[in-house]
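Hi there,

Here is the structure I promised to send over. My notes on it follow below.

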Amino acid sequence: MENIFQTFKPKHSLVKKYVDYYYLDIKENNSITEYECFPHFNNTISIYKSNIYDNEEGIIFDENVEPLQIFVPVREKTLNVKQLGKVHRIVIVFKPFGINQFYRNIEFSNWITDYEFFSKKELNKLFSNQNIIELNDLLDNYLNLRLKEISNFI
């Protein structure tokens, strides 16, 4: 299998109001990858197929674990990311205040690594599909099911 890094935009008219883009990141023969994410105004949900998060070591591949779901908030400092072993990751990049349109009653000011943003059934479908068009449709549909727009009336 080849490495894949591909970005794609939501197609669903309501979802694309709040989601900037998605990306698929697969590194089948990865031993270690390190990179820096600079501060910006978007926040993300990253879902990893078979990885654990260790604050000291980074994101570590382990084929015997459940998918890892991580929320990364808007931040002021550069984020150093370290991935050890295989990577199969799907990322949702939200527009400002976008995530709040889909998930409620969650504190989004810090990292979240212990919340199920997607069910196991949804994750299985997402990770069993590498066709970008189908993956795009799945993500759009799952987010649309969670959409509860926040209106601000004066």
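Let me start with Ile70: leaving aside its neighbours within four places in sequence, it is in contact with Thr44, Ile45, Ser46, Tyr48, Tyr53, Ile59, Trp111, Ile112 and Thr113 (contact means heavy atoms within 4.5 Å). Ile70 counts as buried, because its relative accessibility is 3% (buried means under 20% relative accessible area, with a 1.4 Å probe and protein chains only).

A word on the source: this is a predicted model, in which local features need pLDDT of at least 70, side-chain atom pairs count only at pLDDT 80 or more, and totals for chains, interfaces and linings use all residues. Residues are numbered from 1 along each chain as its sequence is written, and side-chain values use heavy atoms, with hydrogens and water left out.

Ile70 sits in strand β7 (strands are DSSP runs of E, at least two residues, and helices are runs of H or I, at least four, both numbered from the N terminus). That strand belongs to an open, antiparallel sheet of five, ordered β1-β2-β9-β4-β7 (two strands pair if DSSP finds at least two bridges between them). β1 (4-8) and β7 (68-72) each have a single partner strand, so one side of each is left without a neighbour in the sheet.

Within the sheet, β4 (residues 43-48) and β9 (residues 87-94) run antiparallel and are joined by six bridges.

Happy browsing!

Key:
Buried < 20%, exposed > 50% of the residue type's maximum accessible area, 1.4 Å probe, protein only.
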